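Please work through the exercises below with the sequence and the coordinates open beside you. Each task is followed by a solution that goes step by step.

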Amino acid sequence: MPPATVAARIAHLRAEIERHNRAYYVLDAPTIPDAEYDRLFRELQALEAAHPELAASDSPTRRVGGAALAEFGQVIHEVPMLSLGNAFSAEEAAAFDRRCREALGRDSIDYACEPKFDGLAISLLYEDGLFVRGATRGDGFSGEDVTQNLRTVRSIPLRLTGEAIPARLEVRGEVLMFRAEFEAMNERQRARGEKEFVNPRNAAAGSLRQLDPKMTAQRPLRFFAYGVAQISAVSPAPTFHSELMERLGAWGFPLASERAVVTGAAGLATYYETLAAQRHALPYDIDGVVYKVNRLADQETLGFVSRAPRFAIAHKFPAEEALTVVEAIDVQVGRTGALTPVARLVPVFVGGVTVTNATLHNEDEVRRKDVRVGDTVIVRRAGDVIPEVVAIVAEKRPLKDMFGAEPLHPPFELPKVCPVCRSAVEKPADEAIARCTGGLFCPAQRKQALLHFASRRALDIEGLGEKLVEQLVEQHVVKTPADLYKLGVLALAHLDRMAEKSAANILAAIERSKTTTLARFIYALGIRNVGEATAKDLARYFGNLDALMQASADELQQVPDVGPVVAASIAHFFAEAHNVEVIEQLRAAGVHWPEGEPAPRAVLPLAGKTFVLTGTLPTLTRDEAKERIEALGGRVAGSVSKKTDFVVAGAEAGSKLEKAQQLGITILDEPQLMELLTT
């Protein structure tokens with residue numbers, strides 16, 4: 001590469017890294033994955049090493065992180081908060097061990113190993129056992145004074161306990177969030193219509209930098225200690241890092257239970273593999289492990305390079321996030337009819353594999369993240385979890401013209417008909433998942449529909465198991481449940497592990513299944529939200545299949561325990577011509593059941609009235625109140641809507657009562673309910 005080109009590339013890399021440093025450390029809004037940042041950083045390191053004449057004192061390789069926020073006071077770190085060098089392979093970890101052994105003149109070295117937390121590094125200062133100051137890493141030499149916010153983190157001790165507490169102690173550690181608590185917090189953000197956090201690390205950093213400590217106190221922050229920057233004389237003086245960590249634990253600091261002391265490169269490799277296997281079972285995110293020479297005197301001997309200690313290194317896990325481009329957005333239909341948008345990606349290596357597809361979960365998620373064809377996106381793959389698109393990189397979105405008039409591609413819209421069978425797609429107002437209504441007909445749902453139809457509590461076709469159904473579907477022998485009744489011995493006998501006698505047994509079971517009950521047949525159809533109990537209620541209420549198929553959603557809601565959601569599922573199912581056709585084919589094949597008259601429709605005083613129960617009633621349990629209402633023809637629903645007639649409110653009634661008041665629905669207490677039940 002010509003010198004001018006090298007200089008230009010170095011200048012570009014420095015500018016890019018500084019921009020990403022600010023986004024990551026200062027704004028808490030990273031725009032690229034850690035792996036992409038590491039790639040840029042290592043390229044700059046390599047170019048500066050090859051061209052030392054182009055090195056500069058203000059290069060990102062000579063410092064750590066970004067500047068402190070102006071809103072906070074500044075803290076000068078008496079001992080710089082340097083970052084660690086990285087190892088990305090077993091060979092690089094072994095090279096770290098070799099360098100340490102050679103520098104110390106040892107045949108083997110013990111290392112203290114610990115998880116590499118994916119949070120925000122902080123420093124805590126204690127004087128005479130009292131917490132007096134807390135600061136962020138900042139640029140490594142000065143950080144932000146976030147003392148008041150750190151006081152709200154309950155896992156940080158405000159006063160140390162135990163014996164031999166030093167007069168002055170500076171502890172280094174990480175503030176982070178547990179994944180479950182992060183998800184719960186994001187759920188609350190969604191419910192309030194507020195911006196969600198991209199990941200736990202981003203959430204922890206943003207929470208710690210709130211200008212109002214009361215806001216920080218509301219966030220589920222945690223702290224783990226991983227080292228000591230300075231400590232006044234203690235007796236006996238610690239010899240090992242692991243010993244010093246044990247003292248921190250005794251003084252009240254939280255420590256990672258996954259710490260270990262190992263020997264040599266083999267010990268490092270074993271620890272790495274163990275933590276990699278445990279990684280996704282841990283309650284918090286880690287992005288690697290940290291190795292430190294355990295003997296403190298050896299740490300002093302090894303010392304530091306310009307931006308990192310020689311006695312420690314971070315061994316990173318394979319990147320779980322990477323950048324790539326969305327080439328298309330397809331829609332897959334699952335075996336239960338669920339429609340899932342899937343991003344087709346420019347192939348990218350992430351999480352140890354090459355990823356070409358990533359789930360977008362559902363239509364609401366695509367719109368929330370505003371993922372479009374052509375977008376550069378962050379893709380995440382954690383363990384065996386299906387790869388997903390985490391976020392777009394808005395600054396890289398392709399535009400129609402150079403002036404950024406508008407995006408080149410329109411927002412994603414879910415199709416109105418199934419892309420596999422062209423049946424109607426339904427999406428209940430209170431659900432995130434859209435589904436194909438062609439349950440008995442849709443090829444994507446074929447295996448599941450057949451297995452359910454043949455199950456013991458449905459048509460009970462003995463011997464028609466998963467492996468046989470897979471063969472029948474994959475070889476296009478059977479497309480709908482009605483095709484089962486067209487099978488012959490020859491069609492079955494040529495299948496794997498299916499002799500003539502076995503085929504005859506299957507056909508005999510299929511023949512026996514023709515005689516069934518209306519309730520079993522309704523259940524066998526696999527209508528969404530219709531289980532065995534509901535199928536029995538429907539059979540009892542309507543008496544025959546034709547009456548059920550012709551019933552409106554309002555009529556269906558007169559059946560005990562059938563609410564608006566179930567009624568809509570049933571109505572949509574029978575409105576789909578493909579499903580009706582399969583039912584007629586089943587009848588023509590001889591599937592039959594005793595049909596009777598509809599159940600008598602007694603005119604009950606609460607018929608057609610919908611109730612919602614909330615809070616604790618003085619004397620009635622919720623089940624008792626429900627039984628009494630239903631005995632008089634009323635229906636008890638689980639949520640309040642415009643169709644609700646009465647809300648029965650007891651003590652500690654919550655959001656349902658508030659919604660009822662907003663909608664102007666009649667609210668009853670227990671005495672008023674009892675009066676209604678007895679008149």
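The exercises that follow concern a predicted model, and they go from the chain as a whole to single residues.

**Exercise 1.** Compare the radius of gyration of the chain with that of a compact globule of 679 residues.

*Solution.* Begin with the reference value, which for a compact globule of 679 residues would be near 26 Å.

**Exercise 2.** Find which two residues a cis peptide bond joins, and state its omega.

*Solution.* The cis bond joins Ser235 and Pro236, with an omega of about -5°. To place Pro236 in the fold, look in the loop between strand E8 (222–231) and helix H8 (241–251).

**Exercise 3.** Decide whether His476 and Asn529 count as exposed, partly exposed or buried, and describe their phi angles.

*Solution.* His476, in the loop between helix H13 (466–474) and helix H14 (489–493), has a positive phi of about 60° although it is not a glycine. Because its relative accessibility is 60% and exposed means over 50%, His476 counts as exposed. Asn529, in the loop between helix H16 (518–524) and helix H17 (532–542), has a positive phi of about 75° and is not a glycine either. Its relative accessibility is 34%, so Asn529 counts as partly exposed.

Terms used: Residues are numbered from 1 along each chain as its sequence is written. This is a predicted model: local features need pLDDT of at least 70, side-chain atom pairs count only at pLDDT 80 or more; totals for chains, interfaces and linings use all residues. Side-chain values use heavy atoms; hydrogens and water are left out. The radius of gyration is taken over C-alpha atoms; the globule rule is 2.2 Å times the number of residues to the power 0.38. Helices (H or I, at least four residues) and strands (E, at least two) are DSSP runs, numbered from the N terminus. Buried means under 20% relative accessible area, exposed over 50%, partly exposed in between (1.4 Å probe, protein chains only).
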